[in-house]
Amino acid sequence: MADNSIPVRGSTPREPAHPSITAELISELVERFYERIQVDARLAPIFKKHVPGEWGPHLEIMKGFWRSVLLKTGEYNGRPVPVHVKLGRLDTEDYRAWLSLFGATVEEIFEPDAQPIIVEAAERIATSLWLATNGDLLAKPPEWSTSD
């Protein structure tokens, strides 16, 4: 009897972006980062307008997002580009301020070997969102990294 079954390929192993990155550290990153966002002179007004009231649900979404990015959990099913497009055009300096605050928070929490991996992921995300919200398909995205 012939075997007519379709071969099934095993799933790709989901390796963390760095072995020292854990769900607990990601949770701490999100909590501490968004505490700072809420009091930042430039970023607080943007976030308060779009995350009114209780921040708990937003923080849980962000924790799932960052676990998906850094731990490869696949749990985040959202669509960040349409959400950010609804914010309207953000100034390039808004992205720089976000990345600066994020990078400083990463530096406090994660091992030195993991820090550039996390910051580079944030820069890729910032570039993607900047391109999506900029409105100019021919625009060259900013260089975020200050370490060059």
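Student: Where is the place of Lys72?

Tutor: Lys72 sits in the loop between H3 and H4. Please keep in mind that this is a predicted model.

Student: What makes the phi of Lys72 worth a remark?

Tutor: Lys72 has a positive phi of about 60 degrees, although it is not a glycine.

Student: Why is Lys72 called partly exposed?

Tutor: Its relative accessibility is 36%. Buried means under 20% and exposed means over 50%, so at 36% Lys72 counts as partly exposed.

Student: Why is Lys63 called buried?

Tutor: Lys63, found in helix H3, has a relative accessible area of 7%. The cut-off for buried is under 20%, so Lys63 is buried. Leaving out residues up to four places away in sequence, Lys63 touches Ile26, Ser27, Val30 and Glu31.

Student: And Leu70, is that residue buried or exposed?

Tutor: Buried: Leu70 has a relative accessible area of 1%, and the limit is under 20%. Leu70 is also found in helix H3. The residues it touches, not counting those up to four places away in sequence, are Pro16, Ala17, Ile21, Ile26, Ile118 and Ala121. Take Ala17 as an example: Leu70 and Ala17 are 53 residues apart in sequence and 5.1 Å apart in space, C-alpha to C-alpha.

Student: What makes Val81 partly exposed?

Tutor: Val81 is found in helix H4, and its relative accessibility is 31%.

Student: Let us turn to the rings. How many aromatic pairs are there in the whole structure?

Tutor: A search of the whole structure finds 11 aromatic pairs. One of them is Phe33 with Tyr34, an edge-to-face pair.

Student: Why is the pair of Phe33 and Tyr34 called edge-to-face?

Tutor: The ring centres are 4.9 Å apart and the planes stand at 75 degrees.

Student: What makes Phe33 and Phe102 an edge-to-face pair?

Tutor: Their centres are 5.2 Å apart and their planes are at 85 degrees. Those values lie within 6.5 Å and over 60 degrees, so this pair is edge-to-face. Phe33 lies in helix H1 (residues 23–37) and Phe102 in helix H5 (residues 92–109), so the pair ties together parts that are 69 residues apart in sequence. Both Phe33 and Phe102 are buried, and both belong to one aromatic cluster that also includes Trp55 and Trp98.

Student: Which residues have the most contacts inside the largest nonpolar core?

Tutor: They are Tyr34, Ile37, Trp66, Trp98 and Phe102, in a core of 36 residues. H1, helix H2 (44–50), helix H3 (56–70), H5 and helix H6 (115–134) each supply at least two residues of this core. H5 gives the largest share, seven residues. Ile37 touches Leu43, Ala44, Phe47, Trp55, Trp98 and Leu101, not counting residues up to four places away in sequence.

Student: Which residues lie nearest the centre of the largest pocket?

Tutor: Phe47, His58, Met62, His84 and Leu87 do, out of 26 lining residues. The pocket holds about 680 Å³ of space. H3 provides the largest share of the lining, five residues.

Student: How do the residues of that lining divide?

Tutor: The lining of the largest pocket has 20 nonpolar, four polar and two charged residues.

Conventions:
Residues numbered from 1 in each chain as written. Predicted model: local features only at pLDDT ≥ 70, side-chain atom pairs only at ≥ 80, totals over all residues. Heavy atoms only, no water. Phe/Tyr/Trp six-rings, centres within 6.5 Å; stacked < 30°, edge-to-face > 60°. Helix = DSSP H or I, 4+ residues; strand = E, 2+ residues; numbered from the N terminus. Buried < 20%, exposed > 50% of the residue type's maximum accessible area, 1.4 Å probe, protein only. Core = buried A, V, L, I, M, F, W, Y, C linked by side-chain atoms within 4.5 Å. Contact = heavy atoms within 4.5 Å. 1 Å grid on protein atoms, 1.4 Å probe; cavity = no way out; pocket = protein on both sides within 12 Å on 5 of 7 lines; lining within 4 Å. Points joined across faces, edges and corners; volume = space filled by probe spheres on them. Nonpolar A, V, L, I, M, F, W, Y, C, P; charged D, E, K, R; others polar.
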